[in-house]
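Here is a colleague's note to read alongside the structure. Please keep the sequence and the 3D view open as you go through the points.

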Amino acid sequence: LYNLETKALEPHTPKVYSTIQLSCEYHPENGSRTVFNKYMNDLCMDEDGNVDEVKKAVLQEYGGVLLSNLHVYRTKVCLVLWSLLGNTGKTQFINLLSAMLGNDKTANVPIQNMNEESKFALGEIVGKRLINVGDQTSSEIKDSSIFKQLTGGDEIKCEKKGKQPFNYRYDGGIIIACNNLPTFTDDKGGHLFERLCIVPCTNTIARERRDVFLLDKMLKEKEAIFNWFLEGTHRLIS
């Protein structure tokens with residue numbers, strides 16, 4: 001167990017309730033992440049070819065809190081990776097975090113399905129750490145109440161097929177990738193807009209530079225990548 005207060009590993013103990021076992025080892029001295037660093041620079045590059053370090057820091061902090069056991073709803077935001085054009089690499093960021101968390105800790109629930117009518121869809125998020133939507137549609141969202149409750153740490157009503165409904169507080173995060181921002185028709189207030197941490201991804205990767213094995217290559221660096229995200233976790237706590 002990694003202790004966020006002492007920044008050290010401790011023996012596993014039944015006194016600490018733990019449900020997350022990351023798919024990587026902890027080697028604090030490992031900083032070898034050449035492929036990942038290049039990917040992040042491409043993802044956070046602006047139209048002038050400059051790397052936006054603020055974007056990179058936001059992604060580092062949100063990814064870091066996801067990989068911890070902290071309540072993500074304390075940030076009160078959903079991370080939105082947005083690009084008008086495709087092939088910016090934004091989905092790879094989601095895939096990387098999903099792989100490090102494990103597929104059993106992720107669920108795919110578009111914002112349009114976060115409503116009481118989709119009660120069985122909400123049942124899928126129980127025990128998950130990440131709601132990931134690699135291609136969020138731009139169709140109208142007529143009911144944003146559940147979305148606001150999920151990002152705000154309020155209890156929602158969930159139901160699994162054949163089971164009794166129950167109240168549940170989701171402590172994981174939400175990351176969506178989209179080419180067109182979703183449209184909320186029921187609430188256009190600032191308090192809703194503030195729930196969307198929008199990171200524009202404007203650097204389209206040229207066809208000859210696209211690597212279909214990029215995720216596999218990054219996962220070979222996952223111990224060093226975890227250390228990078230861990231820096232973001234501690235900075236966000238501070």
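1. The model is predicted, so local features need pLDDT of at least 70 and side-chain atom pairs count only at pLDDT 80 or more, whereas totals for chains, interfaces and linings use all residues. Residues are numbered from 1 along each chain as its sequence is written, and side-chain values use heavy atoms, with hydrogens and water left out.

2. Five strands make an open sheet with parallel pairing, in the order 4-5-8-3-9; here helices (H or I, at least four residues) and strands (E, at least two) are DSSP runs numbered from the N terminus, and two strands pair if DSSP finds at least two bridges between them. At the edges lie strand 4 (106–107) and strand 9 (196–200), each of which pairs on one side only.

3. Strand 5 (residues 130–133) and strand 8 (residues 173–178) run parallel and are joined by four bridges. Helix 5 (residues 145–152) packs on the sheet and touches strand 3 (78–82), strand 5, strand 8 and strand 9, where contact means heavy atoms within 4.5 Å.

4. The axes of helix 1 (residues 34–43) and helix 3 (residues 90–101) come within 10 Å and cross at roughly 140 degrees; axes are lines fitted to C-alpha atoms, for helices over the stretch in contact, and angles run from 0 to 180 degrees between N-to-C directions. Phe36, Tyr39, Met40 and Leu43 of helix 1 make the contact with Lys90, Gln92, Phe93 and Leu96 of helix 3.
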